[in-house]
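Visitor: I am new to this structure and would like to learn how to read it, one feature at a time. Could we begin with what the words for burial stand for, and then go on to the contacts?

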Amino acid sequence: MAEGLRFLPAGSDAFLVELDDLATTLTLLDGLLAHRPDGTVDLVPAARTLLVRFDPLLTDRAELINNISRVDLSVRSKRHGETFEIPVTYDGADLNEVADMLGWTVDELIRRHTQTTFTVAFTGFAPGFAYMKCDDPAFDVPRRKSPRVRIPAGSVALGGKFNGIYPSDSPGGWQLLGRTPLKMWDTSRPRAALLAPGDRVRFRDMAAKGVSSPTPAAPELKTEGVRPAGLLVTRSDSPALYQDLGRPGRADQGVSESGALDRCSLMQANLCVGNRREAAAIEITFGGFALKADRPVTLAVTGAPAQIAIRSADGRSLSAPFGRPFSLDAGDELVLDHPPEGVRSYLALRGGFEIKSVLGSASRDTLAKVGPAPIISGDTLVPANEPTTAVDPFQTTPKKQPKTGDTVMLSVLLGPRTDWFTKEGVEALLDQEWQVTAESSRVGMRLAGAQPLARRDAEELPSEGTTLGAIQVPHNGQPVLFLADHPLTGGYPVIGVVARHHLDLAGQIPIGASIRFNAIGAFDPLVRRTHR
């Protein structure tokens, strides 16, 4: 029988394929994994959608839609995995409210939760986060109207028809039942994620008789060693981060791309000093950073134009150029002040930094806690002395960056869930200014507007893949603009996605500035027929 697939635009280089159910989604995923179309970067399965990210230099949306429409969905995929028992302390902040929603007592909620078998359907949101369906249809609760800014690692939660365990401290909108001491994600294990699609899970109440707590891991013994030779960080008001161009193509492990928020500035800093354009540099937020050299080095700073000073070993105070290479001698200290505009500055070292890559990248993903640790005062930055090319002293022209109080225009492509909003809601997105609030980070910018975005109804959206630049709208109608460390999947509708050519600009908009969205093109979903 031939039925329709719905293709929903999701930005400049992605789209959602909407299917009937989870089983059909996994069948399509397995079909594409078996014969992966050229140019496909990531495939992110969810409850009844598959997010397809692609490289527009290698393929295009129309070609991929034609390939996907030819996949045979008549034979359903079957997955089998291991069985896990997970101990839980049932003391979650939403335990009583969930019991009330379901019409149960707290004791009955705990009893039914521990008697149910859960199966991992897919992974997403963050590394190690498993979406688990269960054999008790009564477990179906709405997400919170406004997501929490921080949910502790190990929190056991319900969202819609799924159960999940937060692998690290992160924002989230699921209802909290309790917590487990087990690590959901640990890169020291052969399989970093504890749970994988097809695995079965039974929860155990740690307060019940006969349920023992896991043996805690032995603490690491810290030994005092000799400080390695390198550049000593003498000031870091906010933790600075190593960033490169990220780790694309890791969605199958629940890992998003991450990487520098202003990719153009990162590449410019590297080209200034003769590095590979994709080499790791230091992303410094709002300045307030200093380091002392133990050898002659060549550096460059781009992005947010922090004032650069050099305190020489003989006590002189010198200025250094922004967006141009400059040198430090042994004993010199480099000081970056707070930038008058923009948010993030990029510091590149000729020859690069010696950093251990994680999953193919030196980027720090602040949501997933993947990558090198943040850089703090007292750390030593070790030069890698990698091969370089000639330095071009006229490589870059500094770009003007937005500052607090400015209104910044961002182009946006409507979709994938624009039709979940009223006509007035879509107009409110485009016709008013949105202030960037203090609850903003590399994960996303929380925006505030006078008129919340009105939805057509209060229906729950099953979790689905999200992209960099996605404008996700919780129940309160105040949107969140996803940045580089965004969750891989989300459960609130995305009304539009910032166009690729404005993503670097979005990463430089400071708290207190405002955003106006300008739609380029109409929302244009496509329905194609496929044979099942």
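Guide: Let us settle a cut-off before anything else: a residue counts as buried when its relative accessible area is under 20%, as exposed when that area is over 50%, and as partly exposed in between. Please keep in mind that this is a predicted model. With that cut-off, E341 at 15% relative accessibility counts as buried, whereas K400, with a relative accessible area of 65%, is exposed.

Visitor: What do the side chains of E341 and K400 form where they meet?

Guide: The general idea is that side chains of opposite charge can pair when their charged atoms come close. Here E341 and K400 form a salt bridge, with 3.6 Å from N to O. E341 lies in the loop between β22 (333–336) and β23 (344–349), while K400 lies in the loop between β24 (380–381) and β25 (407–414), so the pair ties together parts that are 59 residues apart in sequence.

Visitor: How many salt bridges does the count come to?

Guide: The count comes to 32 salt bridges. One of them joins R112 and E108, whose closest N and O atoms are 3.9 Å apart. These two residues are 4 residues apart in helix α4 (residues 106–115), which means that about one helical turn separates them. R112 is partly exposed at 23% relative accessible area, and E108 is partly exposed as well, at 25%. Another salt bridge is formed by R235 with D237, and there the closest N and O atoms are 2.9 Å apart. R235 counts as partly exposed at 27% relative accessibility, and D237 counts as partly exposed at 45%.

Visitor: Which residues are linked with E464 in a network of salt bridges?

Guide: The network links E464 with R6, E18, R417 and D419. E464 is placed in strand β28 (residues 464–465) and is buried, with a relative accessible area of 4%. A polar contact of 2.9 Å joins the side chains of E464 and R417. Leaving aside residues up to four places away in sequence, E464 touches L16, A46, T49, R417, L488, T489 and G490.

Visitor: Let us turn to helices. At what angle do α3 and α4 pack?

Guide: Two packed helices are described by the angle between their axes and the distance between the axes. For helix α3 (residues 95–102) and α4 the angle is about 85°, and the axes are 9 Å apart. That makes α3 roughly perpendicular to α4. On the side of α3, the residues that meet α4 are L95, N96, V98, A99 and L102, and their partners in α4 are V106, L109 and I110. Sorted by kind, the residues of this contact are 7 nonpolar and 1 polar, with no charged ones.

Visitor: Which residues of helix α5 are buried?

Guide: In helix α5 (residues 263–272) the buried residues are S265, L266, M267, A269, N270 and C272. Among the elements that cover these buried residues are β15 (241–243), β16 (281–285), β18 (297–303) and β23. After α5 comes G274, whose phi is positive, near 85°.

Visitor: Where are S258 and F286 placed, and what is phi for each of them?

Guide: Most residues other than glycine have a negative phi, and most peptide bonds are trans. S258, in the loop between β15 and α5, has a positive phi near 60°, and at 4% relative accessibility S258 counts as buried. F286, in the loop between β16 and β17 (289–292), has a positive phi of about 60° although it is not a glycine, and at 34% relative accessibility F286 counts as partly exposed. As for peptide bonds, a cis one joins G415 and P416, with omega about 10°. P416 is placed in the loop between β25 and α6 (423–431).

Terms used. Residues numbered from 1 in each chain as written. Predicted model: local features only at pLDDT ≥ 70, side-chain atom pairs only at ≥ 80, totals over all residues. Heavy atoms only, no water. Salt bridge = Lys/Arg side-chain N within 4 Å of Asp/Glu carboxyl O. Buried < 20%, exposed > 50% of the residue type's maximum accessible area, 1.4 Å probe, protein only. Axes fitted to C-alpha atoms, helices over the stretch in contact; angles between N-to-C directions. Parallel < 35°, antiparallel > 145°, perpendicular 65-115°, else oblique. Contact = heavy atoms within 4.5 Å. Nonpolar A, V, L, I, M, F, W, Y, C, P; charged D, E, K, R; others polar. Polar contact = N/O pair within 3.5 Å; in protein donor to acceptor, adjacent residues only side chain to side chain.
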